[in-house]
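Here's a quick briefing to read alongside the model. It goes from the sheet to the helices, then to one residue ahead of them.

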Amino acid sequence: MDGTMMRSKSEVIIANMLIQAGIPFVYEAPLFINGKNVLPDFTILSLIDLKTEIIIEHQGMIFVDEYANKFIRSLRLFLQTDWIPNKNIFFTFDNAQETIDPRQVLSILRKYVDPSL
């Protein structure tokens, strides 16, 4: 909706949901973890307390072994930091039809970003 180029259709769906909800985000904002540059898909600020950063990291091709292995490496890297799964970093996944269920994102946004959604 805002013209930002994304890597996948599911990321476009997430971005459009954020835009429609009026939630500002940064796409692939560089994050340095243990000397490694990581590009999480979406970094947003919780509208609940206006200080908690939240990352939404989408895993689109999790059914492909190489991609699944990359996800595991990424998860291990995040676990070495203050990023805590299901607290301030959330992983969404494509289903067998290779698309995201928007309810995954909406659930995260309602609970951790803006309960009024």
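Two strands count as paired if DSSP finds at least two bridges between them; helices (H or I, at least four residues) and strands (E, at least two) are DSSP runs, numbered from the N terminus. This is a predicted model, where local features need pLDDT of at least 70, side-chain atom pairs count only at pLDDT 80 or more, and totals for chains, interfaces and linings use all residues. Residues are numbered from 1 along each chain as its sequence is written, and side-chain values use heavy atoms, leaving out hydrogens and water.

**The sheet**
- Four strands make an open, mixed sheet in the order β1-β4-β5-β6.
- β1 (25-27) and β6 sit at the edges with a single partner strand each, so one side of each has no neighbour in the sheet.
- β5 and β6 pair in the parallel sense over five bridges, and Ile56 stands opposite Phe90 in β6.

**The helices**
- α1 lies across β1, β4 (42-45), β5 and β6, at about 15 degrees to β4; axes are lines fitted to C-alpha atoms, for helices over the stretch in contact, and angles run from 0 to 180 degrees between N-to-C directions.
- α2 lies across β5 and β6, at about 170 degrees to β6.
- Ala68, Phe71, Ser74, Leu77 and Phe78 of α2 are buried (under 20% relative accessible area; exposed is over 50%, partly exposed in between; 1.4 Å probe, protein chains only).

**Met6**
- Met6 lies in the segment before α1 (9-20) and is buried, with a relative accessible area of 17%.
- Beyond its neighbours within four places in sequence, Met6 is in contact (heavy atoms within 4.5 Å) with Glu11, Val12, Ala15, Phe25, Tyr27 and Phe42.
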